[in-house]
Amino acid sequence: MTMSSIRNNVKDNFFTRLSGILLVYLILIMTGCEKRAVFDNNKTFSGDVWKSDHVIRFDVEIKDTVNIHKFYLNLRHKTDYRFANIFLFINTTYPDGNEARDTVECVLADPSGKWLGKGITNIRDYQVLLRRGLRFPQNGTYIFEFEQAMREPELTGVMDIGLRIVKE
């Protein structure tokens with residue numbers, strides 16, 4: 001065996017082991033993050049248009065009334081969306097039937113018009129923290145409904161909306 005073939009074998013073994021270690025590490029990170037997500041679901045709008053009468057509903061089964069959670073809104077829109085923000089009504093129905101309604105403004109662009117969401121082409125993904133330190137008061141199914149509140153019958157360029165609830 002020549003010296004160069006020994007070096008190549010050592011290099012191959014090193015990179016093979018390093019690749020295996022990185023793969024295991026990546027899997028652990030991904031599964032570790034997913035264990036914290038209590039709920040994560042997105043819904044797509046037909047034709048990338050959110051009509052004012054289209055209410056988006058998420059039914060979320062909550063069993064944990066002890067831990068604290070973060071409540072995120074996921075929004076995907078195109079760069080031809082004509083507003084720098086979006087107003088939403090969020091209706092919550094608790095397991096016991098009580099209801100609450102909030103109005104939320106999500107700022108999607110800075111004052112210069114630069115989009116705040118992530119993306120490289122004409123699509124931006126935006127995740128906004130709506131609430132932290134949330135402790136669910138009851139076990140059972142919570143219903144979260146999202147309505148666009150922009151005084152427009154149709155919002156063109158809105159692709160998806162979603163809800164993500166994560167343990168803190």
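Tutor: We'll go through a sheet, a few salt bridges and one arginine. This is a predicted model, where local features need pLDDT of at least 70 and side-chain atom pairs count only at pLDDT 80 or more, while totals for chains, interfaces and linings use all residues. Residues are numbered from 1 along each chain as its sequence is written, and side-chain values use heavy atoms, leaving out hydrogens and water.

Student: What makes β5 and β6 a pair?

Tutor: Strands here are DSSP runs (E, at least two residues), numbered from the N terminus. Two of them pair if DSSP finds at least two bridges between them. Strand β5 (residues 85-93) and β6 have nine bridges in the antiparallel sense, so they pass as a pair. As one example, I86 stands opposite C106 in β6.

Student: In what order do the strands of the open sheet run?

Tutor: The order is β3-β8-β5-β6, four strands with antiparallel pairing. Neighbouring strands in this sheet are turned by 25° against each other on average, direction ignored; the axes behind that angle are lines fitted to C-alpha atoms, and angles run from 0 to 180 degrees between N-to-C directions.

Student: Why are β3 and β6 called edge strands?

Tutor: β3 (56-62) and β6 (99-107) each pair on one side only. For β3, the antiparallel pairing is with β8, over seven bridges, and I62 has G140 as its bridge partner there.

Student: Which residues make up the covered face of β3?

Tutor: I56, F58, V60 and I62 do, while R57, D59 and E61 sit on the uncovered face. In a regular strand the side chains alternate between the two faces of the sheet.

Student: Why is the contact between K78 and D48 called a salt bridge?

Tutor: The rule asks for a side-chain nitrogen of Lys or Arg within 4 Å of a carboxyl oxygen of Asp or Glu. The closest N and O atoms of K78 and D48 are 2.8 Å apart, so the pair meets that rule. K78 is in strand β4 (residues 69-78) and D48 in the loop between β1 (37-44) and β2 (49-51), 30 residues apart. The structure holds eight salt bridges, and R76, D125 and D160 are linked in a network of them.

Student: Is D48 buried or exposed?

Tutor: Buried means under 20% relative accessible area, exposed over 50%, and partly exposed in between (1.4 Å probe, protein chains only). D48 has 17%, so it counts as buried.

Student: What does the side chain of R124 reach instead?

Tutor: The backbone oxygen of G119, at 3.4 Å.

Technical notes
Polar contact = N/O pair within 3.5 Å; in protein donor to acceptor, adjacent residues only side chain to side chain.
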